[in-house]
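Student: Could we go through this structure together? I would like to begin with a helix and then turn to a sheet.

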Amino acid sequence: MTLLPDKRQMPSGTLIEGLHQATKAGCLVVIATGRIRESVRNVFQSIEGEAVFACSNGGDITWKGQPISFSSMNPEDVDPMALVAAKYGCIAYISAERPYWAGPISSCCRAFCCFQRLPVLSYKRGMLLSQLYQVSVVGKGESYEQCFDEFANIWGRRYHIISSHRDIFDVSSTSKAEIIEKVCTAFQIPRERTWSFGDGENDAIMMRQSAHPYVMDWAPASMLEEFPLHCHRVEEVLPSIIRL
């Protein structure tokens with residue numbers, strides 16, 4: 001679900017209270033995000049013991065610190081991906097056991113890490129990674145679009161490649177579309193008892209698997225048209241879900 005609207009770095013107190021109330025009522029809260037688990041723990045520490053963390057677009061799903069599902073990319077793909085990104089003036093952001101930047105660390109990189117509450121670490125070519133959840137590529141303009149196309153041509157059959165934000169696309173072995181299936185299976189939840197919230201293309205593929213998808217008011221026009229249920233804040237909808 002989308003929980004940080006308007007570029008906020010931290011969830012509001014009313015949202016956190018709403019999530020607490022939802023879990024007390026027997027609802028299972030799932031934080032479905034492209035962020036690495038370290039970032040999600042930093043931001044949603046107060047509900048870590050109550051919510052499922054489905055991080056890296058479903059590549060790393062945990063419940064109370066215990067793994068539900070884990071799907072790794074091949075770490076040997078990092079160096080070739082970093083080279084293709086650099087070829088188009090883009091930077092690769094590597095979500096491994098720690099997050100790394102492959103390329104020059106700019107003020108934008110530092111701002112990105114600050115927003116995600118993560119350290120700024122540099123990746124060195126040939127670095128050994130014990131696990132690799134996701135590679136994100138950050139860029140702008142026509143060269144960024146060309147970079148996306150080349151990634152799709154080279155790795156599109158092996159990995160999910162999808163835009164997660166303006167000027168950012170993610171490469172992972174899973175997608176958010178698989179999160180609902182994996183969580184429902186693990187907790188024996190009927191699909192008709194699922195609600196989802198999203199605002200981007202990587203959310204849309206998950207929302208299509210949910211029985212009750214809500215699109216956020218600031219989402220692209222195509223999503224607002226596709227999904228009839230809209231909301232501006234998740235906490236505005238939670239009471240009606242809890243009552244069901």
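Predicted model: local features only at pLDDT ≥ 70, side-chain atom pairs only at ≥ 80, totals over all residues.

Student: Noted. What covers the buried residues of α5?

Tutor: The cover includes the helix α3 (78-87). It also includes the strands β7 (132-138), β8 (160-165) and β9 (168-172).

Student: And which residues of α5 are buried?

Tutor: They are Y144, C147, E150, F151 and W155. Their arc around the axis is only 120°, so they are on the same side of α5.

Student: Which residues are exposed on the other side of α5?

Tutor: E142, E145 and N153 are exposed there.

Student: How far apart are the end C-alpha atoms of α5?

Tutor: They are 21 Å apart. Helix α5 has 15 residues (141-155), and at 1.5 Å a residue it should span 21 Å, so the two values agree.

Student: Now the sheet. In what order do the 4 strands of the open sheet come?

Tutor: The order is β1-β2-β3-β4, with mixed pairing. At the edges are β1 (30-32) and β4 (66-70), each of which pairs on one side only. From one strand to the next, the twist averages 15°.

Student: In which sense do β3 and β4 pair, parallel or antiparallel?

Tutor: Strand β3 (residues 60-63) pairs with β4 in the antiparallel sense, over 4 bridges. Opposite D60 stands F70 in β4.

Student: Which strands does α6 lie across?

Tutor: Helix α6 (residues 177-187) lies across β1, β2 (52-55), β3 and β4. Its direction is at about 30° to β3.

How values were computed. Residues numbered from 1 in each chain as written. Heavy atoms only, no water. Helix = DSSP H or I, 4+ residues; strand = E, 2+ residues; numbered from the N terminus. Expected span 1.5 Å × (residues − 1). Buried < 20%, exposed > 50% of the residue type's maximum accessible area, 1.4 Å probe, protein only. Arc of directions from axis to C-beta. Contact = heavy atoms within 4.5 Å. Pairing = 2+ DSSP bridges. Axes fitted to C-alpha atoms, helices over the stretch in contact; angles between N-to-C directions.
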